[in-house]
Amino acid sequence: MIETKDLDIDGVLQAAQKQSIGKAAPTFVSITEQIAWIDPIQFFQAGKGLQENRMFWSSADQSTQFVGIGDAVLLQNQDGSYHQLTNEWQQVLKNSWVDNPYDNYKTGPIAFGGFPFDSDEKVNELWKGFEGSQFRVPTFLLTVEYDRAFLTTTVYVNEESNIDELSADLVTKRNQLIHAPKPIFEKNAIVLKHEVDPVQWRELVVKATDTIEREDVDKIVLARELQIEFDEICDIGQVLNTLKSTQEHSFVFAWEKDDVCFVGATPERLVKVDNQQLFSTCLAGTSPRGKSLKEDNWYGQQLLNDQKNREEHQFVVDMIKNAVHSCAKYVEIPDQPTLYRLKNLQHLYTPVKAELKKGYTLLDVVEKLHPTPALCGFPRESSLAFIRKFELLERGWYGAPIGWFDQHFNGEFAVAIRSALIDQDKASLFAGCGVVKGSDPEIEYQETNIKFTPMLQALGGSI
């Protein structure tokens with residue numbers, strides 16, 4: 001068992017300050033220590049007491065979990081520029097002091113955040129504060145890998161920094177976080193549900209199918225919103241705890257800013273890069289789970305043999321294959337999809353493996369892949385033009401890349417679906433579906449209801 005002990009933060013900060021004076025520039029300081037294992041949700045809840053922004057990330061198999069508290073660095077770009085984000089991150093690291101003997105455990109300086117679904121979309125009231133792309137390096141980052149736990153403390157130091165005060169403050173907050181009591185959860189209670197324009201949304205499906213019949217468009221993805229209210233302020237920690245226990249094989253995420261939190265459990269990996277090895281996922285085509293094994297297998301076979309869903313899935317496979325080919329040495333994709341089963345739903349699934357060419361990074365691939373046909377449609381330009389002109393929903397970060405990257409541009413992004421934007425005692429849930437030739441508005445409407453289910457149940461309600 002690892003015993004937590006006082007870290008010599010003061011000594012590291014003093015050394016970093018000397019570097020800052022010598023280079024006449026602020027020094028980005030990142031210090032990693034191994035600590036006794038702590039429950040990530042417990043750490044997340046403790047961060048609320050510090051009145052700092054929080055973030056959470058769990059890999060689909062829950063082998064890696066991150067919790068971030070505070071904003072040591074905020075990389076923000078109104079235009080959602082991938083290139084500018086890369087340059088800003090490299091500039092941050094240019095004058096840095098990284099003390100990390102555990103670099104092979106997803107520790108050290110790591111940036112977390114998301115991009116907008118459509119960088120040209122005007123942000124109104126719903127997504128206020130989430131303009132453009134935003135990535136933060138937390139002041140305190142808990143990394144949990146299986147049975148090991150690490151804490152990375154990050155801060156800027158310059159020649160005017162009061163090292164004694166800064167060090168004392170960091171140590172005090174660090175101890176509050178790692179010695180916090182185990183939280184007691186009470187289930188959130190929903191008192192009101194409101195579907196936003198369900199009749200107009202069905203009419204929009206008809207408009208989309210008419211457009212597909214007349215024009216050179218194969219698929220248009222339409223999304224809609226479900227609004228709910230709670231009897232009191234929603235406990236985000238409770239939501240994350242429920243999602244982790246109920247949504248196996250999904251990435252669980254939360255990104256909080258000024259008491260508004262974007263949270264979800266998405267099954268859809270966009271891309272992962274580890275030492276230039278790339279992994280992506282084609283996930284499109286949906287059916288419910290059965291109440292019995294026989295019924296479940298029947299739904300699965302129906303999905304595998306359904307022409308609409310197979311065509312919808314193939315759009316995603318072809319697009320991802322072409323996008324990855326442009327920056328990879330080789331690409332491996334199976335010829336046929338398999339079933340990817342979740343608690344409430346099952347999807348058609350095709351994995352993608354590749355090796356990036358020299359000079360390409362994770363962010364280059366994210367830019368090429370987003371938006372995929374699973375969240376936008378096909379062809380991309382035509383379907384996106386329809387969404388911009390006719391869709392009723394302000395998408396914001398819904399359906400967009402959310403994830404993380406480290407100082408070597410290793411990292412992972414998921415597609416932010418099965419999600420909700422929570423603002424105190426209110427929340428907006430989002431769900432979408434792919435409209436193709438011959439789509440039935442009522443069937444598409446019911447599919448979105450199914451897709452609302454995971455988040456709605458986690459928030460304390462039901463369809």
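This is a predicted model: local features need pLDDT of at least 70, side-chain atom pairs count only at pLDDT 80 or more; totals for chains, interfaces and linings use all residues.
**Entry 1**

I started with I178, which counts as buried because its relative accessibility is 11%, under the 20% cut-off. I178 belongs to helix α4, residues 163-178. I then asked how far I178 lies from Q42 in space.

L13 sits in helix α1, residues 9-23, and counts as buried because its relative accessibility is 0%. Its C-alpha is 9.1 Å from that of D164, although L13 and D164 are 151 residues apart in sequence.

**Entry 2: helix α3**

Next I checked the length of α3, residues 82-94. Its 13 residues should span 18 Å at 1.5 Å a residue, and I find the end C-alpha atoms 19 Å apart, so the two agree. At the N-terminal end I found a cap: a side-chain oxygen of S81 lies 3.0 Å from the backbone nitrogen of Q84.

Which residues of α3 are buried? I list Y82, L85, T86, W89, V92 and L93. Looking down the axis of α3, I see these buried residues within an arc of 125°, so they line one face of the helix.

**Entry 3: aromatic rings**

I moved on to the rings. How many aromatic pairs does a search of the whole structure find? It finds 27. I picked out F135 and F413: with ring centres 6.1 Å apart and planes at 65°, the pair is edge-to-face, because the angle is over 60 degrees. This pair links distant parts of the chain, since F135 is in strand β7 (residues 133-137) and F413 in strand β21 (residues 411-415), 278 residues apart. F135 is buried at 0% relative accessibility, and F413 is buried with a relative accessible area of 0%.

F135 and F413 also belong to one aromatic cluster, together with F28, Y82, W89, F115, Y156, F405 and F409.

The charged end of R136 sits over the ring of W255, 4.0 Å from the ring centre. For R395, the charged end sits over the ring of F117, at 4.3 Å from the centre.

**Entry 4: strand β18**

I looked up two residues of β18. Q346 is in this strand and counts as buried because its relative accessibility is 0%. What does the side chain of Q346 reach? I find the backbone oxygen of D296 at 3.5 Å, and a polar contact of 3.1 Å to the side chain of R341.

Y349 is also found in β18, which covers residues 345-356. With 22% relative accessibility, Y349 counts as partly exposed. I put its C-alpha 8.1 Å from that of H313, a residue 36 places away along the chain.

**Entry 5: helix α6**

α6, residues 236-246, is mostly covered, with eight of its eleven residues buried. I wrote them down as I236, G237, Q238, V239, L240, T242, L243 and K244. D235 caps the N-terminal end of α6, with a side-chain oxygen 3.0 Å from the backbone nitrogen of G237.

**Entry 6: helix α11**

I finished with α11, residues 441-458. This helix has 18 residues and reaches 27 Å between its end C-alpha atoms, close to the expected 26 Å. Where in α11 does the kink lie? I find it at F452, shortly before the proline P454, with a bend of about 35°. Both F452 and P454 are buried, and the buried residues of α11 also include E444, Y445, E447, T448, N449, K451, T453, M455, L456 and A458.

D440 caps the N-terminal end, with a side-chain oxygen 2.8 Å from the backbone nitrogen of E442. After α11 comes G460, whose phi is positive, near 105°.

Conventions. Residues are numbered from 1 along each chain as its sequence is written. Side-chain values use heavy atoms; hydrogens and water are left out. Helices (H or I, at least four residues) and strands (E, at least two) are DSSP runs, numbered from the N terminus. The expected span of a helix is 1.5 Å times one less than its number of residues. The bend at a residue is the angle between axes fitted to the seven residues ending there and the seven starting there. Buried means under 20% relative accessible area, exposed over 50%, partly exposed in between (1.4 Å probe, protein chains only). A polar contact is a pair of N or O atoms within 3.5 Å; within protein, one must be able to donate a hydrogen and the other to accept it, and residues adjacent in sequence count only if both atoms are side-chain atoms. The arc is that of the directions from the helix axis to the C-beta atoms. Rings of Phe, Tyr and Trp (its six-membered ring) pair if their centres lie within 6.5 Å; planes under 30 degrees apart count as stacked, over 60 as edge-to-face and the rest as tilted. A charge sits over a ring if NZ of Lys or CZ of Arg is within 6 Å of the ring centre and within 35 degrees of the ring normal.
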